[in-house]
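Subject: Structure handover

Hello,

Here is the structure I said I would pass on. My notes on it follow below.

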Amino acid sequence: MAALIRNLRSGNSLANSSLIPPHLLTSCRGIVSKLFVGGLSFYTTDKILAESFSQFGQVVEAKVVIDRVSDRSKGFGFVTFASEDEAYRALTQMNGKTLNGRIVFVDYAKPQLGEKLGMPIARGPPEPKVDDN
């Protein structure tokens, strides 16, 4: 598991690594069929995102990321496809195209290392304050 984490952090391709056993690669398979979509209009909803990408295959989930404070879109989202081929077709066809009046940029989603693999963020105790009196 440590080799998997090191490989993901270094940016190496999962497929080219000889350190990772095949059963761990199949557990990471969902990464390949999930796409990041950036440059979205503030008016793009989950439904619009799903409808525009459904022409390339079965959309399992389409989610526009919403800011908690302003309750508006952050301008990006994620689309998950049922297969890797459909995701690749959508990536090649939609990257640089217009959606709701904005040019969108599509790429494969990166895994969230801290949350997905159960790695807590260790910050340590706060630094002690020193008085100069």
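This is a predicted model: local features need pLDDT of at least 70, side-chain atom pairs count only at pLDDT 80 or more; totals for chains, interfaces and linings use all residues.

**Helix H4 and what surrounds it**

In helix H4, which covers residues 84–94, the buried residues are Glu 86, Ala 87, Ala 90, Leu 91 and Met 94. Viewed down the axis of H4, these buried residues fall within an arc of 135°, so they line one face of the helix.

What does the buried side of H4 pack against? The partners are strand E1 (34–38), helix H3 (46–53), strand E3 (73–81) and strand E6. H4 lies across E1, E3 and E6, and runs at about 150° to E6.

Both ends of H4 have something to note. After the helix comes Gly 96, which has a positive phi, near 90°.

**The sheet**

Four strands make up an open sheet, in the order E2-E3-E1-E6, with antiparallel pairing. Its edge strands are E2 (59–66) and E6, each of which pairs on one side only. From one strand to the next, the twist averages 20°. H3 also packs on the sheet, where it touches E1, E2, E3 and E6, and its direction makes about 140° with that of E2.

E1 pairs with E3 over five bridges and with E6 over four bridges, in the antiparallel sense in each case. Phe 36 stands opposite Phe 78 in E3.

**Thr 44**

Thr 44 sits in the loop between E1 and H3. Is this residue buried or exposed? Its relative accessible area is 4%, so Thr 44 counts as buried. Neighbours within four places in sequence aside, Thr 44 is in contact with Leu 49, Val 64 and Asn 100. With Asn 100 there is a polar contact of 3.1 Å between the side chains.

**Salt bridges**

How many salt bridges are there? The count comes to two.

- Asp 46 and Lys 63 form a salt bridge through their side chains, at 3.8 Å from N to O. This pair links distant parts of the chain, with Asp 46 in helix H3 and Lys 63 in strand E2, 17 residues apart. Asp 46 is partly exposed at 29% relative accessibility, and Lys 63 is partly exposed at 42%.
- Lys 110 forms a salt bridge with Asp 107, and the closest N and O atoms are 3.6 Å apart. Lys 110 counts as exposed, because its relative accessibility is 62% and the cut-off for exposed is over 50%. Asp 107 is partly exposed, at 36%.

**Pro 111**

Pro 111 lies in the loop between strand E6 (105–108) and helix H5 (113–116). With a relative accessible area of 30%, Pro 111 is partly exposed. Lys 34 is 77 residues away from Pro 111 along the chain, while the C-alpha atoms of the two are separated by 9.7 Å.

Regards

Key: Residues are numbered from 1 along each chain as its sequence is written. Side-chain values use heavy atoms; hydrogens and water are left out. Helices (H or I, at least four residues) and strands (E, at least two) are DSSP runs, numbered from the N terminus. Buried means under 20% relative accessible area, exposed over 50%, partly exposed in between (1.4 Å probe, protein chains only). The arc is that of the directions from the helix axis to the C-beta atoms. Contact means heavy atoms within 4.5 Å. A polar contact is a pair of N or O atoms within 3.5 Å; within protein, one must be able to donate a hydrogen and the other to accept it, and residues adjacent in sequence count only if both atoms are side-chain atoms. Two strands pair if DSSP finds at least two bridges between them. Axes are lines fitted to C-alpha atoms, for helices over the stretch in contact, and angles run from 0 to 180 degrees between N-to-C directions. A salt bridge is a side-chain nitrogen of Lys or Arg within 4 Å of a carboxyl oxygen of Asp or Glu.
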